[in-house]
Amino acid sequence: MNQTGEQRERWRRLSDAVKARLDYRSFYARFCRLPERSGARTRTHCPIPNHAHSGGGKPSLSIDLQSGLFHCFSRDEGGDAISFYALLHNLTAGQALARLARELGVETKNVETESDGAGVDARTKGERESLVTRAAPDTTDALLAEDEPAEPLEERRLSLICESFLDACRREEQLEGIAYLRRRGIDRETMRRAGVVYFPRQSYRRVMRELQRQFTNQELMRSGLFNSQGHLTFYRHRLLFPFYKEGRVVYLQARTTASGVEPRWHNMRGSVPALYNIDALGELPSDTIVYLVEGFTDTLTLLANGYAAVGLVGAGGLKEDWLPPLARFRVVAALDPDAAGASATDAYTEIFARRGMRLARLSLASDVNDFFRQHAADSSARFASLTELALAKLPHRDERE
Ligand SMILES: [Zn+2]
């Protein structure tokens, strides 16, 4: 595992261990007045400072004391106990986790044994939901509900298969993938940080056997990476882009690096579960500028140039329930300068506004990657001033509550 993988793994273990030790009722009671006799779900006034509630209105904070999830209806923001702690103390998710771990006496070296054992399955259920908060009022009940729809393969298991697949490929020769991305101005370090992996043709059997060694055929088929004949089918498209959520791979897309292969993309089954690169935002301070772009290449181009960005799969791919994690940033749309990009940006501007958020619109003459390649020498300066212009055009924030 590379350094990033190890960090993610450590994060996951630590967060598992912290949650295992938290008694959610006494945790939330430290910050909110909980009704004396309440069931698992309770409502109270929201103490999150950034929300700036007047304190007069109806209680807007819903807490599920069983799963530890919270949701503020008034500001459409929610998450798990760690994100609650972060919001209360204006910390990044990482700082909040570290502080809670210290407070609870969770040591990193004990984490491994603590995250194993009987309690794990029950906890992961809630935790799966905890980074991307499903905050639309009508989906909140679904978020807090006990029952989840049946899934082809348990999510954690699916993550493990994807991660093993990526690890197996990563041990193989990466040069072609590195060269492909370099031609697009994306350096090796950015590739590494984003967990992008190349799957060389000559490694097909070795990678397939490695997966068969670790998982049953049944599981591999249910993951969608293998066909019913028991063969790995994720191979014609050799550049693999993982989607991370809470440090776990939740989805894969693969792109061909050869010319003439159609379609150019191969997806895992199911719908795209998140914005690409959303996990990287957790560590950023509030009010950072985050670009909303189309595709991996544009996302990685911005990362390579030192910007924060999240990617859509296709211009129209944004889902409304992905918005809450973006609420604390200054979001700038830089979709492709075509009809699809323009109408998607119009639609997103409205969706953002409905949630009291603002979306700035960056107008480039080309897509982001071309922009940076065309203006190699002064691209960053130009990009920064265009961004400033876009932000200046934003309407003023409405007074809320
Ligand atoms: Zn609130």
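**Helices, sheets and cores of a predicted model**

Helix H16, covering residues 379-392, lies across strands E9, E11 and E12 and runs at about 115° to E11. The structure is a predicted model. Its protein chain has 16 helices and 12 strands. Of the 401 residues in the protein chain, 39% are buried.

**The parallel sheet**

- Strands E10, E9, E11 and E12 form an open sheet in the order E10-E9-E11-E12, and their pairing is parallel.
- The edges are strand E10 (308-312) and strand E12 (359-361), each of which pairs on one side only.
- On average, neighbouring strands of this sheet are turned by 30° against each other, direction ignored.
- Strand E9 (residues 289-294) runs parallel to E10 and is joined to E10 by five bridges.
- Val293 has Gly311, in E10, as its bridge partner.
- Helix H14 (residues 339-354) also packs on this sheet, where H14 touches E9, strand E11 (330-334) and E12.
- The direction of helix H14 makes about 155° with that of E12.

**The antiparallel sheet**

- Another open sheet has four strands in the order E1-E2-E3-E4, with antiparallel pairing.
- Strand E1 (41-44) and strand E4 (77-79) are the edge strands of this sheet, each pairing on one side only.
- From one strand to the next, the twist averages 15°.
- Strand E3 (residues 69-72) and E4 run antiparallel and are joined by three bridges.
- His71 has Gly78, in E4, as its bridge partner.

**Nonpolar cores**

- The largest nonpolar core has 74 residues, and those that touch the most other members are Cys169, Leu240, Tyr291, Leu292, Ala333 and Ala334.
- Helix H8 (residues 155-170) supplies the largest share of this core, seven residues.
- At least three residues of this core come from each of domain 2 (155-267) and domain 3 (278-392).
- Apart from this core lies another, of 26 residues, including Leu69, Cys72, Tyr85 and Ala93.

**Contacts**

- Ala334 is in contact with Tyr291, Leu292, Val293, Leu362, Leu364 and Val368, leaving aside its neighbours within four places in sequence.
- Across the protein chain, 65% of the contacts between residues at least 6 apart in sequence join residues at least 24 apart.

Terms used:
Residues numbered from 1 in each chain as written. Predicted model: local features only at pLDDT ≥ 70, side-chain atom pairs only at ≥ 80, totals over all residues. Pairing = 2+ DSSP bridges. Helix = DSSP H or I, 4+ residues; strand = E, 2+ residues; numbered from the N terminus. Axes fitted to C-alpha atoms, helices over the stretch in contact; angles between N-to-C directions. Buried ≥ 20, exposed ≤ 12 C-beta atoms within 10 Å, placed from the backbone. Contact = placed C-beta atoms within 7 Å. Core = buried A, V, L, I, M, F, W, Y, C linked by C-beta atoms within 7 Å. Domains from an automatic or database assignment.
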